[in-house]
Amino acid sequence: MIRNDARKRPDAATLATLTQALTDLVGARLSTAQAVREQHANTLTWVENQAPDIVVFAESTEEVSQVVKLCAQHDVPVIPFGTGTSFEGHTNAPYGGVSIDTSRMNAVIAVHAEDLDCVVQPGITRKALNEYLRDMGLFFPIDPGADASLGGMVGTRASGTNAVRYGTMKDNVLALTVVMPNGDIVNTSRRAKKSSAGYDLTRLMVGSEGTLGIITEITLRLHGIPEAISGGICPFPSIAAACEAVIITIQSGIPMARIELIDEMQVRAINLYSKTTLEERPQLFLEFHGSEEGVKEQAARFGEIAEEFGGGPFAWTTQAEERTRLWQARHDAYWAAMALRPGAKGISTDVCVPISRLAECVEATQHDIAEAGLMAPIVGHVGDGNFHVLPLVDMENEEEIAKAKHFVERLVERALEMEGTCTGEHGVGQMKMKYLESEHGAEALAVMRAIKHALDPQNIMNPGKIVSW
């Protein structure tokens, strides 16, 4: 069946028939309880919670395939679900349907230590994978902050604090097993480090947000745990000074692993939440990976550069416990910010601009925040021009909601004016769809829509996300 109209919600009779068929397939691993369904829609931000009709807890690729075939047979939408940590409404079911929860598909299928790769199921989280790998001297570097599932990280083309050195998910996924909209099981590539054979289906699926298929196995690139790691914090007199120091550091060829910017308001939040005593000035959190001598030299050289821009002192350490405490405070930044205004909703959003425009973009954003009278801390992956803003909004105050919406619009418009993107790592979901034509152009958007139509003619795969039908 080819759909040319917008999706409609399945009727009660269709859902009853499908529920029985799915129950016959998975038994008690199906739920239609309202609380469970709502937990499988958007929960973290102010995006409306649009619950699926049915939740299925899948346990294998073959089972996902059978579920999708039944949904296709009944023309019912399918929405993949990992841990639900996304911000842009990715897991919502605006047309109802079946949420396929992959959290039970959390096995490490194989580790090829000599080839520096592994094969995992999509439900395993990044922390669980790294716990598994630690004793082998290996780790997976992509660290979006939240303990997200690997399947969700592939779906949103996640990034995070290590991206400046190790790249994003698109750089660290070698191959995928994907259940297509008709239920077929497709392997997108092999374990070879490179290939020129055919279209790059792996990259097509990375970042597709479940709109083209459901990822059920992932082959990931791994890295050896560094011999030594140094890390620390460095205050600066201004956002511009911090960004200029980063640009010079990158241009000097100093191989930073992580370099994170936090503004004054976020520093205040971290101090209150994590019981730290950081100066309430723009701060950079940094980390260097390499040999014992190498990381010391890199840290010392950065300290010299920081001093040139009025920064410092750069307090750094190679002690694992101190570094862990530092980065835990950075990873808790979202919850720290939320604690600044109990009862408010957080509108977590991100943009990314060329690094040469980052300081200008962040400073203009801070000006907008002040002008609107909003409370909105900023954190940024300053090494690649990506930063996040979290306006904290009273959802009972219509005027404040309107100001926050206008602020987000202006933030994205500015990023696009600076030849940036509407999202560096959160993904499109429902909330960023309206910006894609401005960013890519109507012709490119038409290509994306043509791919969606070709692979998913029924429009059952996570409809209402990325591109409109």
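Here are a few numbered notes on this predicted model.

1. Overall size. The globule rule puts a chain of 469 residues at a radius of gyration near 23 Å, and the protein comes in at 22 Å, so the value agrees with a compact globule.

2. Secondary structure and contacts. You'll find 17 helices and 20 strands here. Taking contacts with a separation of 6 or more, 73% are between residues 24 or more positions apart.

3. Burial and surface. Buried residues account for 57% of the 469. The protein exposes about 19,300 Å², and carbon and sulfur atoms supply 50% of that area.

4. Charges. The count is 41 positive and 61 negative side chains. The centres of these two sets lie 3 Å apart.

5. Cysteines. A disulfide is a covalent bond between the sulfur atoms of two cysteines. With a cut-off of 2.5 Å between sulfur atoms, the count comes to 0 disulfides. Take Cys234: its nearest cysteine sulfur belongs to Cys243 and is 13 Å away, and Cys234 is in no disulfide. Cys234 counts as buried because its relative accessibility is 0%. For Cys422, the closest cysteine sulfur is in Cys352, at 11 Å, which is too far for a bond. Cys422 has a relative accessible area of 1%, so this residue is buried as well.

6. A cis peptide. Have a look at the bond from Gly312 to Pro313: this peptide bond is cis, with omega near 0°. Pro313 sits in the loop that runs between helix H11 (292-308) and strand E15 (315-317).

7. Leu116. This residue has a phi near 55°, which is a positive value in a residue other than glycine. Leu116 is in the loop between strand E5 (108-112) and strand E6 (117-120). With a relative accessible area of 34%, Leu116 is partly exposed.

8. Arg157. Here too phi is near 55°, again positive in a residue other than glycine. The loop in this case lies between helix H5 (150-155) and helix H6 (163-166). Arg157 has 40% relative accessibility, so Arg157 counts as partly exposed.

9. Backbone spots to look at.

Technical notes. Residues numbered from 1 in each chain as written. Predicted model: local features only at pLDDT ≥ 70, side-chain atom pairs only at ≥ 80, totals over all residues. Heavy atoms only, no water. Helix = DSSP H or I, 4+ residues; strand = E, 2+ residues; numbered from the N terminus. Rg over C-alpha atoms; globule rule 2.2 N^0.38 Å. Buried < 20%, exposed > 50% of the residue type's maximum accessible area, 1.4 Å probe, protein only. Contact = heavy atoms within 4.5 Å. Areas by Shrake-Rupley, 256 points an atom, 1.4 Å probe, with all protein chains shown as cover. Lys, Arg positive; Asp, Glu negative; His and termini not counted. Charge placed at Lys NZ, Arg CZ, Asp CG, Glu CD.
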